[in-house]
Each structure stands twice: as C-alpha cells, then as structure tokens.
Amino acid sequence: MKKTMRILSLLLIATTVMIACKKDTDPADKDFFVGTYRGSISYQKDDNTITSSEGKVTVSKVGDTYNFFFGNNIPDIKGVKFEKSGDNNYVSVGSGVTGISINASTLKVLVSNNGATWTADCTR
C-alpha cells in the first residue's frame, strides 16, 4: 500500500509540474504593448500644428483592434489592426492607418490620413 501511495504521489507531483511549466503561450498574445508610452508626439492638419517633446500616447485594445489616445489635445487614432513583424514587433495594417510600429517598449507613429499627420517616437 505504501508503494502505491508513493507512486500516486509522484505521479501527481509530476503532472502538476508539467502543467505549471507549460510554455506554449506566445508572450505577444499577452498584449504587452497595451499601456502608456511617453516621448515626442506631433499632429498637423492645415494650419494647426501641435508638438510636444514630453507627450504621451495611451494604447488600449478593444476586441481585435487597438486605439491610440494622444495627450496634448491631439486627435485619437482608433480601430487599428496589426500584424506580427518579427519577434514581438507589430506593424499596423489597413487603409489610412499604416505607419505604426509597436512592441513592449517602443511606439513609432507616422500616419497620414484625411490631410492630417500624426507622429510619435515614444518609449516606456
């Protein structure tokens, strides 16, 4: 009986260790780039120009799209989709929103849409 209990205990421990150490989750699936980035941002449309060397951009995810909320009264960019480009780097895809590159530590934006241009060179 002691031998059976010992074998069952070892089997239970081994199963627990295998489940706890499972490594099939890609870190990119955890949305590491959702959050606030700080750095240089700008916006230009017609005669309106807004720039800040100490700006911020907050990134949020809704479903499978991302929203970029700029500080300094810069209009937001919403509904952006991404595709993977290398290890945990993503680039924006879709009409009017190409030019965004993001990963867990940097955000670079150069988007021109409807006569307006957004730029950002931020880190966190």
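Me: What share of the contacts between residues at least 6 apart in sequence join residues at least 24 apart?
Reply: In the protein, 37% of them do. Contact here means heavy atoms within 4.5 Å.

Me: What kind of model is this, and how are residues numbered?
Reply: It is a predicted model, where local features need pLDDT of at least 70 and side-chain atom pairs count only at pLDDT 80 or more, while totals for chains, interfaces and linings use all residues. Residues are numbered from 1 along each chain as its sequence is written, and side-chain values use heavy atoms, with hydrogens and water left out.

Me: OK, how many helices and strands?
Reply: One helix and eight strands, in the order α-β-β-β-β-β-β-β-β along the sequence. Helices (H or I, at least four residues) and strands (E, at least two) are DSSP runs, numbered from the N terminus.

Me: How much of the protein is buried?
Reply: Of its 124 residues, 29% count as buried. Buried means under 20% relative accessible area, exposed over 50%, and partly exposed in between (1.4 Å probe, protein chains only).

Me: And the accessible surface, what does that come to?
Reply: About 8200 Å², with 53% belonging to carbon and sulfur atoms. Accessible areas come from the Shrake-Rupley method with a 1.4 Å probe; for residues, only the protein chains shown count as cover.

Me: Which residues form the nonpolar patch on the surface?
Reply: M1, M5, L8 and L11, which together have about 480 Å² of accessible area. Like charges are joined within 9 Å, and nonpolar side chains (Val, Leu, Ile, Met, Phe, Trp, Tyr) within 5 Å.

Me: Where is L8, and why does it count as partly exposed?
Reply: L8 is in helix α1, residues 2–20. It counts as partly exposed because its relative accessibility is 48%.

Me: Switching to the end of the chain. Which strands pair with β8?
Reply: Strand β1 (residues 35–45) pairs with β8 in the antiparallel sense over eight bridges, with K45 opposite A116. Strand β7 (residues 106–113) and β8 are also antiparallel, over eight bridges, and T106 stands opposite T123. Two strands pair if DSSP finds at least two bridges between them.

Me: Which residues of β8 are on the covered face?
Reply: A116, W118, A120 and C122 are on the covered face of β8 (residues 116–123), and T117, T119, D121 and T123 are on the uncovered one. In a regular strand the side chains alternate between the two faces of the sheet.

Me: Where are N72 and N73?
Reply: N72 is in the loop between β3 and β4 (77–84), and N73 is found in that loop too. N72 has a positive phi of about 60 degrees although it is not a glycine, and phi of N73 is near 60 degrees, also positive. N72 is partly exposed at 37% relative accessibility, whereas N73 is exposed at 74%.

Me: And N67, buried or exposed?
Reply: N67 is buried, at a relative accessible area of 10%. N67 is in strand β3, residues 65–70.

Me: What does the N67 side chain reach?
Reply: The backbone nitrogen of G79, at 3.0 Å. Not counting residues up to four places away in sequence, N67 touches T58, V59, S60, V62, I77, K78 and G79.

How values were computed:
Patches are made of residues with over 30% relative accessible area and no salt bridge: like charges are joined within 9 Å, nonpolar side chains (Val, Leu, Ile, Met, Phe, Trp, Tyr) within 5 Å. A salt bridge is a side-chain nitrogen of Lys or Arg within 4 Å of a carboxyl oxygen of Asp or Glu. A polar contact is a pair of N or O atoms within 3.5 Å; within protein, one must be able to donate a hydrogen and the other to accept it, and residues adjacent in sequence count only if both atoms are side-chain atoms.
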